[in-house]
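Open the model in your viewer and keep the selection panel at hand. Each stop below gives you something to select and says what is there.

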Amino acid sequence: MRMQQLDQCSACPGCAEPLEEDDRFCGRCGLSLATVPRPTAETASTAATATARPPQAGVAGPGAPAPPPQSGAPTHQGTPPEPGTPPMAVPPPPAHPPTPAGPPPSTPPPAAVPAPASGPPASAAEPTPTLTGFPLAPPAARESPRDPRTDAPAPAPPQSPPPPPRSASACAVCGTVGSGGDDADGYCEHCGHASPKERDHLEQEMPGVAAVSDRGLRHRRNEDAFTLSVAHLPNAAPAVLAVVCDGVSSSSRPDEASATAAAAARDALVAALPRGVHPPHAVHEALGAAARAVAALADPGRDRGSNAPACTIVGSVVAGEMFTVGWIGDSRAYWVPEDRAAPPARLTEDDSWAAQMVAAGLMTEADAFADPRAHAITGWLGADSEDFDPHTASFMPGEPGVVLVCTDGLWNYAESAADMAKAVPADARQHPLPAAQHLVRHALESGGHDNVTVAVLPFPAAPGRAGSV
């Protein structure tokens, strides 16, 4: 029987610690198991036969006291050895026990273990072998490892935290939310369009000025930039300014060039105007500051094989009864009077191939702008700009209206002053931000082939607080 084998070889004879088949030493008391024989089929048969026979005289049966030990034999009272005391050796049984021919021997077989004197007898179906004071539970299914210091289940290994849930953002192009939203690479998983970036669409409004910039429908990034500010002249009159720049796409880091130029020009104007520098001179100095800032971006290590960072620039300052514009490149400024019966005007001349052809009388304006080389610029800000030739002009219109400064992404769809005036809302002077939004929307609905940026400055300037954007 299985439990009889457990009595003989599945528990340590010295301390009753359960043993595995391959154990050579007891894991609790250190007893060497080399001298303890493993049960054989013959031994198991003998134990089963002895168990099945009724107890006879002189034979220890269940519930009967064990016979007294013979003289000279080691005494075993069923108590564990004292700590530090080596366990007693157990003599091995004979290699071939004789088959009993008559009455059973006067001593129990080695497998028989005396039951405790008190307590109910073990179940016949599932006998539980015991040593006095140390009950042995039947083997149980393996559970989680236990800490020997506390006898409590060891803590489970730490689990990796689950990934945070992804926000259910909507695609700006197709409107898909959730599983079709933007993936980790910044593209919609449903329609494949790139997700909007911070510079893809910008809007700003300050007292007396507003601007809107948009990436357009064909470019992968917005290379335009703008800055706005309201300063005060020494007489406390407001001076409202706007600067718009367009990065040259064929150069290295055009978006960085446009942002750098717009910020440098704004800072120069904000520093010069409160000191009493006349607006035309302040604008000229601001264009020079922007040119130096963009030229400083050139880095042969980063720009290897490409043109140095470059951009165009246009800006305007509205102060009192006059406004001043300054530019380099093909970004433009327009004047649109509030009275639409008065004529509008284009205030700048492009530094471009088409403008040179028209100025030289070699081509008509229509033919020049129809040529593929029309937008090739001849003046720009950058380290590789051959000639720095800033342009400034001041105007005193004598009537209210708005000044527009914009990139070619807008004026490509309203090139003439009359076409631009038609695109400007009638209430642009009272509501500059909605007017700028409308003009950008006009460019996008007309094709949106380029980045689009426009700033609207009402004239005369409305009183407001100083500040910059």
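The tour starts with confidence, then moves to a helix and the cores.

**Confidence.** This is a predicted model, so color it by pLDDT first. The protein chain averages 76. A score of at least 70 is reached by 62% of the residues.

Select residues 41–142. Here pLDDT stays under 50, and the model has 60 contacts beyond four places in sequence for this stretch. Now select residues 178–182. pLDDT stays under 50 there too, with 19 contacts beyond four places in sequence.

**Helix α3.** Select residues 254–272, the 19 residues of α3. Next, pick out its buried residues. Among them are Pro-254, Ser-258, Arg-266, Leu-269 and Ala-272.

**The largest nonpolar core.** Which residues touch the most other members of this core? Select Leu-269, Leu-273, Ile-313 and Leu-381; they do, out of 30 residues. Then show β8 (238–247), α3, α4 (279–295) and β9 (310–319), each of which supplies at least two residues of the core. The most come from α4, with 8 residues.

Center on Leu-269. Leaving aside residues up to four places away in sequence, Leu-269 touches Leu-241, Val-243, Pro-274, Ala-282, Val-283, Ala-286 and Val-317.

Notes:
Residues are numbered from 1 along each chain as its sequence is written. This is a predicted model: local features need pLDDT of at least 70, side-chain atom pairs count only at pLDDT 80 or more; totals for chains, interfaces and linings use all residues. Side-chain values use heavy atoms; hydrogens and water are left out. pLDDT is the predictor's confidence in each residue, from 0 to 100. Contact means heavy atoms within 4.5 Å. Helices (H or I, at least four residues) and strands (E, at least two) are DSSP runs, numbered from the N terminus. The expected span of a helix is 1.5 Å times one less than its number of residues. Buried means under 20% relative accessible area, exposed over 50%, partly exposed in between (1.4 Å probe, protein chains only). A nonpolar core is a set of buried Ala, Val, Leu, Ile, Met, Phe, Trp, Tyr and Cys residues joined through side-chain atoms within 4.5 Å.
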